[in-house]
Amino acid sequence: MDMPPTPLPPETANTSPAPNGATAGIRVENCYVFKSRLQEYAQKAGLQTPEYHTFKEGPSHEPVFKSTVVINNTSYDSLPGFFNRKAAEQSAAEVALMEIVKSIPANANIPAVAHNSTQQETGLCNTGSQQLNLREMHREADHHHRLLATLARHCRLAAAATFFSSTLRTARALNSLLAAICSSPAFLRFAPKVLLLAAPSVSPDATTFHILISTLCQAHRPAAAADLLCCMPSLLLDPDLASCRAVLSSLCQYASAQDAVAFLDKMCHWGISPSRSDYHAVFDALLQEGKVAEAYEVMKNKMGSNRVAPALAYFKLTMQAFSECLEFDSVEEVFDEMLLRGLVPDVDVYSVYISALCRKGDLAGARQMMTCMEHAGCPPDVRTFGVVVAGCMSAGDMGTVRELVQEAIRRGLQWDPPALSELIGLLQAGDGATQSQELLLEPLFVHDAPVLGQLIGALCKQGLLGPAAVVDDY
C-alpha cells in the first residue's frame with residue numbers, strides 16, 4: 001500500500017475522464033453544463049430564471065469564490081474552494097439539481113433537459129442531442145458511489161482513491177472511502193491522505209467526523225478525537241451526543257482524568273448535557289488517580305449545575321477516599337453536604353463515617369454516632385460493630401471491645417464468615433493483632449466448628465496467628 005495510486009482496472013476505466021474533453025457521461029469536474037441544465041429545467045417546469053450571487057473572498061493574489069443560486073424561492077450554495085467565478089456558479093447549479101432530484105417523488109413526471117453543443121458554455125463536454133433528465137443524473141451518481149464502495153470494500157484502496165480524486169469528489173464518496181480505510185488498523189495511515197485529496201472541493205460532514213472520531217477512540221487516541229470534535233463548530237457542524245460520549249469514555253480510560261473533566265465543560269458549552277453515567281465515569285477516573293478533592297468538586301458543583309443530583313453512593317465513595325487519605329475534616333464536610341442535600345444515610349454510609357472517626361482516634365465520637373444511627377431509625381449492623389471493635393482493639397481498649405461484642409450479641413447479631421473476614425482485615429490494617437488472637441477465638445465470635453476452622457485459616461493467612469497458637473487452640 002506504499003505504492004502510488006494505481007490506475008483503475010479495465011472494467012472500471014470508463015469512469016475516468018475521456019481524452020480531448022469528451023465524456024461517456026456526467027462528470028462534475030470536467031463537464032461545466034450544470035447552469036444550462038438548471039436553466040432548461042426551470043423553463044420546462046415553468047419557473048423563473050435562476051439567479052446567481054457570487055462572492056470573492058481571500059487575498060487578491062489567491063481569491064476564492066463562493067456562489068449561491070436561487071430558484072423557486074430556494075437558495076443553494078456551491079461547494080467551497082473554487083478559484084474562479086464560473087466554476088463556483090457551476091457548482092451551485094449542480095447542488096441545486098441534485099437537491100431538486102431528492103425532493104421529487106419517484107413516480108413524478110420530471111421535465112427532460114435537452115443539451116446540445118450550441119448551449120454548452122465551456123466546450124469541455126459535448127453530449128450532442130442526448131436527452132438527459134435529473135433522475136438519470138441521480139442514478140448515475142448512485143452507480144458511481146456503489147462502484148467506489150465496492151472498490152473500497154475489497155481493499156482496492158489505490159483504485160478507489162484514484163476514482164475519488166478524478167471523478168467523484170462528494171462528501172458521500174469521501175465517507176465511503178474513509179469508512180473502508182478506518183475499518184482496518186493497517187490502513188489508518190491513509191486517512192489523512194484521503195482528506196487531503198478531498199480538500200478543498202469537498203467539505204467534511206457530520207458523518208465524516210463520526211467515522212474518524214470512532215476510529216480514534218477505538219485506537220485509544222481520545223485526545224486526538226477530542227481535538228477533532230472541537231473543529232466541528234468552526235465548520236458549522238454540531239457535535240453529536242454519541243460521539244461526545246464515546247470520546248469522554250475513552251478519555252476516562254486512556255487519558256488523564258483532568259482531560260475528561262475539561263471535556264465535560266466542552267460538552268456543556270456545546271449544549272450537550274452529560275448524563276449521570278458520564279459524570280460517574282469522570283468521578284471514578286479521578287478517584288482512581290487519587291484526585292479525591294477534584295472528584296468531590298465534580299460531584300458537588302458540576303453535577304448540581306447540570307441538574308444531575310449525585311446519589312448517595314457518590315458521597316460514600318468520596319468519604320471513604322478522604323478517610324483513606326487521612327483527610328478527616330474533608331470526611332466531615334462531605335457528610336454535612338450530604339445531610340444538607342436532604343439525603344438519608346444508610347448503614348454503609350454510617351459505617352464509612354464511623355470508620356473515619358476510629359482512624360482519627362475519636363472512639364467516643366464513633367460510639368456516639370452509633371447512638372445517632374439508632375435515633376435516625378438506622379440501627380448498626382454487625383459490620384458497624386466490627387468497625388468500632390477493630391478501632392478499640394487497635395487502641396488497646398479491650399474492656400470496651402467486650403462491651404461492644406456483648407451488645408451486638410444482645411441485639412441478635414452474629415459474626416458470619418464475611419463479617420469475620422472483614423474484621424480481620426480491619427485488625428491487620430489497624431495493628432490490632434496482638435490483642436485479637438484470644439478474643440476472636442472465644443465463643444462470643446464463633447458458635448460452631450466450621451466457622452472456627454474458617455476463622456483460624458483466615459487468621460493464619462493474615463499473619464494474626466502463629467503455627468503454635470493454632471495447634472494449642474484448635
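Modeller: Helices here are DSSP runs of H or I with at least four residues, strands are runs of E with at least two, and both are numbered from the N terminus. The model is predicted, so local features need pLDDT of at least 70 and side-chain atom pairs count only at pLDDT 80 or more, whereas totals for chains, interfaces and linings use all residues. Residues are numbered from 1 along each chain as its sequence is written, and side-chain values use heavy atoms, with hydrogens and water left out.

Biologist: In which helix is Arg146 found?

Modeller: Arg146 is exposed, at a relative accessible area of 52%, where exposed means over 50%, buried under 20% and partly exposed in between (1.4 Å probe, protein chains only). Its C-alpha lies 9.3 Å from that of Ser176, 30 residues apart in sequence. The helix that holds Arg146 spans residues 134-153 and is α3.

Biologist: Which cysteine has the sulfur nearest to that of Cys230?

Modeller: The structure holds 0 disulfides, a disulfide being a pair of cysteine sulfur atoms within 2.5 Å. Cys230 is partly exposed, at 29% relative accessibility. The nearest cysteine sulfur to Cys230 is 7.1 Å away and belongs to Cys231.
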